[in-house]
Amino acid sequence: MTAAGRHLTKTSAFFLRSWRMTRRNTMTVFEVVFWPVVSLLSVGLMTSFLRLGEAATLFVLTGTVAFSVVQVCQLDVTYAVLFDMWAKSVKHQFLAPVYPWQMALGAWLMGVLRAVAVFALMTVVSQWAFGLSFLRPGWGAVVVFLLGLVLSAAAVGLLVSALLLLFGVHAEVTAWSGVSLMLLLCGIYYPVSLLPGPLAAVAGGIPLTYFLEAFRAEFGFPPVFPHPLARGFTLGVVYLAAAYLAFKGAIGRSRRTGMLLKLSD
Amino acid sequence: MNFVATPAPAVEVRDLAKTFQAGWPRRHRQPALRGVSFEVPAGTIFGILGPNGAGKTTLLSILATLLLPDRGQARVLGLDVVRDADRIRERINMAAGGTSFLWSLSVSEVLDIAARSYGLAGRERRPRILGLLQRFGLADHAEIPYNELSTGLKQRLALAKAFVNEPELLILDEPTVGLDPDIAARIRADIAALRRTRRITILLSTHYMREAEQLCDEIVFLRAGAILARGDADSLKRQTLTGDRITMSVEGDTSGLLRLPGVLGGRAEGGRTECVVDDAGKRLPELLRYLIEQGASVSDVRVAEPDLESVFIELTR
């Protein structure tokens with residue numbers, strides 16, 4: 001077997017185990033169907049109550065979609081280590097000759113699949129419940145938007161995984177809180193221009209801000225920052241590289257401190 | 001002139017040390033290994049014994065590349081555990097007592113994921129998994145989810161998974177802990193059979209002396225992170241003066257017995273006299289001759305060989 005074939009096989013291990021766990025666990029239904037649909041319907045109904053126009057409703061619902069897609073995809077990346085932590089099988093996972101990128105890539109591909117499923121479901125529900133379609137800007141814009149979201153999710157998922165390996169399962173709550181804070185800052189339901197000066201500057205450091213801006217521009221909302229896609233993808237790639245290094249470093253550190261063993265006890 | 005090459009040891013450990021640190025804000029240091037050195041010849045079963053907290057799991061985890069040492073060097077199959085960890089992982093595997101896997105995966109899926117993690121292609125993977133299911137008696141349970149398996153089946157799955165890459169070195173960390181005696185006996189038989197048929201090197205850590213005595217070619221005793229004794233079961237008994245035990249009913253004076261050559265210790269209580277000797281076959285006639293010369297009458301003579309349990313108790317006293 002060629003080296004590329006072996007890399008592919010090892011990567012497939014992480015994709016397949018997420019796929020098999022996803023198929024058999026009821027929590028999947030909640031992650032992929034229940035929470036995204038509940039979020040979309042509750043926010044959508046609120047916009048109806050507030051008598052927001054079609055454009056403003058699309059603005060807000062786009063944030064809901066971004067939130068759900070990023071959440072589900074980054075959760076899958078985190079499952080590369082989280083499943084093993086819950087099962088207390090961490091040391092057996094790290095005993096195998098796999099590189100951190102193979103773990104992350106396999107889990108992320110599953111995350112992309114689930115992210116696309118969540119987006120499709122939310123698009124159908126939005127069309128049915130509110131007569132609004134996220135596909136209106138065209139397939140190109142949708143694909144670029146989704147790419148930006150899953151790129152952001154990869155960076156977030158790797159960072160959360162690094163925290164889990166450094167501090168154990170106690171870091172779970174802190175990590176999820178950090179994700180929620182990021183979503184708050186990137187203007188999930190409002191333009192970032194509404195944020196106070198320093199917070200708006202922080203928002204400018206979050207790639208998701210730019211992907212939301214670029215997609216919302218398709219619905220007629222001019223972006224606050226120039227060249228949002230170029231900025232978003234540049235920042236996204238930089239953060240992904242940094243998060244990967246943090247993940248790799250966390251594995252090395254947990255081998256030094258014995259955390260890998262503690263997580264299996 | 002012909003030279004016969006000595007096979008390289010499967011494991012070489014030199015002055016290996018590891019200290020764990022815990023606590024916040026004031027960290028406390030917990031030494032787990034304090035300069036351990038030994039070699040494991042290829043193709044042998046090497047036992048690592050010791051009480052809880054002796055450093056057995058720490059030592060095995062370093063050799064399995066799951067933990068980095070603070071000091072010293074460890075080489076596995078000729079490769080350094082720090083620098084060549086990736087290459088070592090391809091060639092070793094490990095099974096531990098109380099191992100668990102992802103709860104929803106079936107037995108065959110656990111093996112499939114493990115085989116993929118070692119880069120086995122489909123052509124190679126499928127027959128390997130089928131072979132492991134057969135060999136470890138898991139074929140009838142292949143589609144059962146992990147969390148529905150009995151403890152014995154879970155442990156057999158852990159062993160089967162450890163063979164998925166056909167390792168040259170197998171690390172078994174208390175593989176029979178917590179199992180029913182009949183299941184533990186079966187696992188022991190599996191290990192012995194694997195050694196006979198495959199000639200791989202096995203590092204076995206265990207609490208059970210009988211298991212070590214039955215399976216291991218050589219044993220090290222660890223206590224508080226240091227090696228207390230090393231050798232095969234017989235030499236360990238000699239090292240710890242845990243000799244053969246001769247008990248007999250004696251009417252007469254036995255006070256001179258302790259001065260006889262080869263008598264390591266003894267006591268007399270309620271008409272029964274017990275002597276610990278280096279070799280019962282050699283010393284029993286000498287003891288009997290001495291007692292008869294002293295005019296004592298001897299009956300009900302019993303001889304018992306020591307087991308590793310006695311060595312363990314002696315070493316950890």
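Predicted model: local features only at pLDDT ≥ 70, side-chain atom pairs only at ≥ 80, totals over all residues.
Helices and strands are named here as DSSP runs, numbered from the N terminus, with at least four residues (H or I) for a helix and at least two (E) for a strand.

**Confidence and overall layout**

- Within that chain, confidence is highest in α10(A), with a mean of 96, and lowest in helix α7 (residues 171-185), with a mean of 81.
- Chain B has 317 residues, and buried residues make up 41% of them.
- Along the principal axes, the C-alpha atoms of chain B fill a box of roughly 80 × 65 × 45 Å.
- Take the contacts in chain B with a separation of 6 or more: 67% of them join residues 24 or more positions apart.

**Where the chains meet**

- On the A side, 29 residues are in contact with 26 residues of chain B.
- Five helices of chain A each supply at least two residues of the side that touches chain B: α1 (3-24), α3 (54-87), α4 (90-95), α10 (228-257) and α11 (259-262).
- The largest share of that side, eleven residues, comes from α1(A).
- Sorted by class, the side of chain A that touches chain B has 13 nonpolar, nine charged and seven polar residues.

**Nonpolar cores**

- The largest nonpolar core has 156 residues.
- Those with the most contacts inside this core are Val69(A), Cys73(A), Ala115(A) and Leu149(A) from chain A, with Leu63(B), Ile171(B) and Leu203(B) from chain B.
- Helix α3(A) gives the largest share of this core, 19 residues.
- Leaving aside neighbours within four places in sequence, Val69(A) is in contact with Ala115(A), Val118(A), Phe119(A) and Leu149(A).
- A second, separate core has ten residues, among them Ile246(B), Met248(B), Val263(B) and Val277(B).

**The open sheet of chain B**

- Four strands of chain B form an open sheet in the order β12-β13-β11-β14, with antiparallel pairing.
- The edges belong to β12 (263-269) and β14 (297-304); each has a single partner strand, so one side of each is left without a neighbour in the sheet.
- From one strand to the next, the twist averages 20 degrees.
- Strand β11 (residues 244-251) runs antiparallel to β14(B), and six bridges join the two.
- Helix α9 (residues 280-293) of chain B lies across β11, β12, β13 (272-277) and β14, running at about 15 degrees to β11(B).

**A hairpin in chain B**

- Strands β9 (residues 218-223) and β10 (residues 226-231) of chain B run antiparallel and are joined by five bridges.
- Phe221(B) stands opposite Ala229(B), which belongs to β10(B).
- Two residues sit between the strands of this hairpin, where Ala224(B) takes a positive phi near 50 degrees.

- Lys88(A) has a phi near 55 degrees, a positive value in a residue other than glycine.
- With 15 other C-beta atoms within 10 Å, Lys88(A) is partly exposed.
- Thr65(B) also shows a positive phi, near 65 degrees, and is likewise a residue other than glycine.
- In chain B, the loop between α1 (56-63) and β4 (71-76) is where Thr65(B) lies.
- Thr65(B) is buried, because 24 other C-beta atoms lie within 10 Å and the cut-off for a buried residue is 20 or more.
- Ile251(A) lies in helix α10 of chain A and is buried, with 21 other C-beta atoms within 10 Å.
- Apart from neighbours within four places in sequence, Ile251(A) is in contact with Pro100(A) and Leu165(A).
- Ser161(A) is 90 residues from Ile251(A) in sequence, yet 9.5 Å from it in space, C-alpha to C-alpha.

Technical notes:
Residues numbered from 1 in each chain as written. Chains lettered and ligands numbered in written order. Contact = placed C-beta atoms within 7 Å. Nonpolar A, V, L, I, M, F, W, Y, C, P; charged D, E, K, R; others polar. pLDDT = per-residue confidence, 0-100. Pairing = 2+ DSSP bridges. Axes fitted to C-alpha atoms, helices over the stretch in contact; angles between N-to-C directions. Core = buried A, V, L, I, M, F, W, Y, C linked by C-beta atoms within 7 Å. Buried ≥ 20, exposed ≤ 12 C-beta atoms within 10 Å, placed from the backbone.
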